Amino acid sequence: MKSLLLVTLIFSISSCKKKTGDRDPNEICIDYDGKPEQVITYKEMASLLAQYKSTRENVLKNALGYEDTREVWFQIDSLKKYLAYVEKLSKDSGVEITGFNFISAAYPDKTIYGKEKNYQTLILNPTTTKDGNPRVSFDPLYSENGNPAFVSDLLLPYLNEIDSITYRKKDIKKYIINLMENIEDMPSSAMNRGKGSPPN
């Protein structure tokens with residue numbers, strides 16, 4: 001549900017404001033074109049929220065022992081900067097962005113995440129078309145000459161290591177907690193660091 005509301009917001013803004021005169025060639029803008037088709041009514045919003053509450057809220061609360069994140073907030077300027085960033089990277093790599101995936105995730109049980117540790121969050125990834133599917137996450141940071149670098153391929157070594165630890169029946173929770181120290185860091189163009197609520 002929270003993803004739907006965020007999707008509506010992100011696709012209803014542009015990465016920059018239209019300026020008078022010529023635009024900078026590095027500036028990527030979308031002109032105002034009226035109400036987006038993804039905008040919903042309050043009646044539909046109420047039914048979506050009620051469905052979430054009746055089918056998921058108590059299940060999650062009972063399983064976790066606390067109410068999980070229901071909203072993830074991103075400052076509008078950070079969204080605009082992010083859109084401009086991935087659009088520029090995509091343009092330079094020759095790979096078309098078809099949209100964004102909002103992927104549910106959770107912060108590890110690690111003190112660096114403060115109050116948000118163990119709470120659900122969202123990861124935003126740009127998408128492109130693969131085998132006719134326009135919803136495949138890719139990373140324009142590693143794409144070049146029109147060839148997309150797919151997030152699933154870039155994640156594979158990390159996921160294989162986690163699967164290997166699980167297969168050997170080691171403490172996967174402890175492994176995930178220490179994942180950042182044990183695996184070489186590799187930047188991505190994915191976005192996170194929104195403010196979740198709860199926690200408050």
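Begin with the aromatic rings, for the structure holds three aromatic pairs, where rings of Phe, Tyr and Trp (its six-membered ring) pair if their centres lie within 6.5 Å, and planes under 30 degrees apart count as stacked, over 60 as edge-to-face and the rest as tilted. Select Y82 and F100: their ring centres are 6.0 Å apart and their planes stand at 50°, so this pair is tilted. Because Y82 lies in helix α3 (residues 76–93) and F100 in strand β2 (residues 99–106), the pair ties together parts that are 18 residues apart in sequence. Helices (H or I, at least four residues) and strands (E, at least two) are DSSP runs, numbered from the N terminus.

This is a predicted model, in which local features need pLDDT of at least 70 and side-chain atom pairs count only at pLDDT 80 or more, while totals for chains, interfaces and linings use all residues. Residues are numbered from 1 along each chain as its sequence is written, and side-chain values use heavy atoms, with hydrogens and water left out.

Are Y82 and F100 buried or exposed? Y82 is buried, with a relative accessible area of 7%, and F100, at 12%, also counts as buried; the word means under 20% relative accessible area, with exposed over 50% and partly exposed in between (1.4 Å probe, protein chains only).

Next, select Y142, in the loop between β4 (133–137) and α4 (151–167), which is partly exposed at 31% relative accessible area.

Finally, show helix α2 (residues 42–64), which bends by about 45° at K53, the bend being the angle between axes fitted to the seven residues ending there and the seven starting there. Just after α2, select G65, which takes a positive phi of about 90°.
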